[in-house]
Amino acid sequence: MQNNLLSLIIFAPLAGAAINWLVGRRLRNEQFIGIVACASVGLSTVTAFFLAFKPDGALRATQPIMDHLWTWIQVGSFRADFGLAMDRLSGIYALFVTFVGLLIHIFATGYMHGDRGYYRFFAYLNLFMFAMLTLVLADNFLLMFVGWEGVGLCSYLLIGFYLDKDEAAPAAKKAFIANRVGDWGFILGVMLIFFLTSAAGHGSISFFNKPAQDVTSALAVIGNMQPDVFNWHAIFAGGITSVAVLLFIGAIGKSAQIPLFVWLPDAMAGATPVSALIHVATMVTAGVYMVVRCSAIYTHAPTAMFVVAVIGAATALFAATIGIAQNDIKKVLAYSTISQLGYMFLACGVGAFVPAIFHVMTHAFFKAQLFLGSGSVIHGMHNEQDMRRMGGLRKYLPVTWLTMCAGWLAICGVPIFAGFFSKDQILWKVWVAGQFSLPNPLFAKGLWFVGALTAVLTAIYMTRLMVMTFWGKERFDVAQTDDDNSQVNNPDHHHERHTPHESPLSMTIPLVVLAVLSTVGGLVGVPYAISSMTGGHPENYFEQTLSPVVSPVPSNSETGEASTNELTWLSPRPQSIDGRPAVAPAGESPNVATGGETPGPEEVSQERLFALISIAIALAGIGIGWLMFNSQPVRQMPRLLENKYYVDEIYDTAIINPIEDTSREGLWKIFDLGVIDGIVNGLGRVVTYLARVVRYLQIGFVRGYAAIILAGALIIIGYFAYSGANVLRLLVR
Amino acid sequence: MTPQLSWYLALSAMLFTIGVLGVLIKRNVISMFMCIELMLNSVNLTFVAFSSFFRDVSGQLFVFIVMTVAAAEAAVGLGIIIAIFRNRESLDVDDASSLRL
């Protein structure tokens, strides 16, 4: 299905960026710039919604909407198109990226008011939207990589936006370099995909079958291969597992997982909350998108899935423990983001791709809400970011407070709010994960425990954030206790007492919209076990929409206990839509267990039990947080956590300093100064010496020169006469 | 006995040699200059001879170019000679050796 409107989604923000960069910088008119930026993103939002929800739109049809623009590269059997595709997965992504992005743009018009780089900021934001949408809508790996690099570039520009802030530039570089490490894995993975598919007869890097261009889907080709078995050696064997692991390295960089997560917190500290947010809500979830897009590859690589699950769980716990001890309001949210991303990867790792995307979406809502809320707080507090110097803001910022409460309850996982459903589903699916990607059933329980612990910690640190910010005594003029990251933005406001003020409408309206979404946004994906209790609409709309486009985990024949049934439930068959069977890009897995999509009664009751446990976890976390921090908001947290486990320091000593030392002592002083400069200077010196000898030829007499010319001419003529005697002979005859 | 190509070439070679020797031997700048012109014209002779031999007009075209360049060179050369003479009151090339180390 071809539809040229699709390219409007990505090119509208690009045009907006160009206009703001070229025209806006001359006009310097905030209204003009703001309107151009918001209108261009608004245009792509409207287009995305239209294409997704029209009668045969992306979310309803079985076939993706394609827009083939031009053939980008064609060398031999390698082919990469500049083509866009919107299927159900990229459709959902495009929807929330454009929509949340639009709200962020509107918010930013208020937040960035009066900034000298107003036009620059919006040009970057629009460029970011262009890159992000290219990433999401690309129909092949290489174009996706373009978007992937594009968001990396824009994040570099946005993090380093404040050119005069000391910590912005290093943070920007850190983000860029950490992402480069991941990109290395991604591009290698793409190459390996091409080799594998070429070996199978259809060399391709496309996500979809495109009969018009004679392109076969790489995912389908790999999906038809024999799955790897669980084996540590498979990671280095150059097969499907290697592809999956390499792609996951790319996701690690982009989505800030262990060990490359260090860039995200710094990125938050250096930038405006707005740009911080645009990363959080959209860019960092690109890794999850890529993994889910490649679900056909992952479901053929159990070892890689195990790696994904373990790294996800470890990151979730690790970041949550750090987040509990941070004092910068944005850093708490940054670590919270890392932790939530860990959740998503944990879900991907156990094959729960749909809940992972569900969590991406709800997370985009509530984390965008929280970040914008924190931006509003910082704005109202005149660029104060240290929570130890807040408190009692409830009565100064009522709208911000109320809306942030929605985000807070959502991330903690209180029922009805969006985060509850997604988090609960992830935990449940981790608990019932089959043996496909886990060497031992105990791992499922262990991962579940880590996830549950993280959920408690999440509730605790979010409660701490809320309590420190909005409740308790006002601590605006408390002397600074720690000088690391407070008052960096605005030295003029030192130790002045000022009354916080509520933000303008352009900022509060997005807050309200996102708060509403954080509250009700989860209702699109209520699992059967819960929705059937109310006797209402017993369909999980979200799962029904998405499950045709992700590959199910193959069920293992020798799974123990009652997990066979649960696997059935875990991996529903591609359901038929509009009477026709849905076409998964990966093709059906050979041994999907047959059976109804409605789970048996015992799983339903078990899942309800787990929902209760989730509620208990959330309430317990909030309770603990409340008890700990309400009475004593500014309590000393463990040093180890406050210093983030010294990860930055460890990286410094283990990696950065050795590299710097080798660069300075070895590469610079020995190689550059010695070898490179040696060669250049040596050449110069040789020429000087030679010239000193040769200049004695310059005798200064014209006739001498003439004689030398003659001699030269004679030698040349003699040579030709000697070697070309034949020619001469020919001429004379 | 019709003139052969080799006659022209021989004459040209002789003229050229005279020119070369003149440049090397003479100390008077004007004489050297004339010898240079002699060399140029001997080359012209070769060109014309070959042009006629091969029935190809391009040799004659080269002659025109050479003559043009020679004219230009003569103008510049005479200018230089006059300048030198004004400075040194001499036409002896060995006096103009101040570029020597």
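Which residues in α3(A) meet which residues in α4(A)?

Analyst: First, the ground rules. This is a predicted model, in which local features need pLDDT of at least 70, side-chain atom pairs count only at pLDDT 80 or more, and totals for chains, interfaces and linings use all residues. Residues are numbered from 1 along each chain as its sequence is written, while chains are lettered from A and ligands numbered from 1 in the order in which they are written.

Now the pair. On the α3(A) side, the residues are Ser90(A), Tyr93(A), Ala94(A), Val97(A), Gly101(A), His105(A) and Ala108(A). They meet Leu125(A), Met129(A), Met132(A), Leu133(A), Val136(A) and Leu137(A) of α4(A). Contact here means C-beta atoms, placed from the backbone, within 7 Å. Helices are DSSP runs (H or I, at least four residues; strands are E, at least two), numbered from the N terminus.

By class, this contact has 10 nonpolar and 3 polar residues, and no charged ones. Ala, Val, Leu, Ile, Met, Phe, Trp, Tyr, Cys and Pro count as nonpolar; Asp, Glu, Lys and Arg as charged; the others, Gly among them, as polar.

Next, the geometry. Helix α4 of chain A covers residues 118-137. The axes of α3(A) and α4(A) come within 10 Å and cross at roughly 175°. Axes are lines fitted to C-alpha atoms, for helices over the stretch in contact, with angles from 0 to 180 degrees between N-to-C directions. The crossing angle makes α3(A) roughly antiparallel to α4(A). The cut-offs are under 35 degrees for roughly parallel, over 145 for roughly antiparallel, 65 to 115 for roughly perpendicular, and oblique for the rest.

Chain A is split into domain 1 (1-300), domain 2 (353-489 + 497-642) and domain 3 (659-732), with bounds from an automatic or database domain assignment. In chain A, 37 residues of domain 1 touch 42 residues of domain 2. On the domain 1 side of that contact, α3 (88-111), α7 (218-223), α10 (273-281), α11 (286-293) and α12 (295-298) each supply at least two residues. The largest share, 11 residues, comes from α3(A). That side of domain 1 divides into 25 nonpolar, 9 polar and 3 charged residues.

Other helix pairs in chain A give a comparison. Take α13 (302-323) and α14 (329-349) of chain A. They pack at about 160°, with axes 7 Å apart. α13(A) and α14(A) are therefore roughly antiparallel to each other. Their contact holds 18 nonpolar and 7 polar residues, with no charged ones.

Then α17 (418-431) and α23 (601-630) of chain A. Here the angle is about 125° and the axes are 10 Å apart. That makes α17(A) oblique to α23(A). α17(A) brings Phe420(A), Lys423(A), Asp424(A), Leu427(A), Trp428(A) and Trp431(A) to the contact. α23(A) brings Glu607(A), Phe610(A), Ala611(A) and Ser614(A). The class count for α17(A) with α23(A) is 6 nonpolar, 1 polar and 3 charged.

Two loops of chain A deserve a look. Arg28(A) sits in the loop between α1 (5-27) and α2 (30-53). Arg28(A) is not a glycine, yet its phi is positive, about 55°. Further along, Pro259(A) lies in the loop between α8 (240-254) and α9 (263-270). A cis peptide bond joins Ile258(A) to Pro259(A), with omega about 5°.

Last, the partner chain. Chain B has 3 helices and 0 strands. Its pattern along the sequence is α-α-α. The C-alpha atoms of chain B fill a box of roughly 50 × 25 × 25 Å along the principal axes. Where the chains meet, chain B gives 10 residues and chain A gives 11. The chain B side of that contact has 6 nonpolar, 2 polar and 2 charged residues.

Methods
Contact = placed C-beta atoms within 7 Å.
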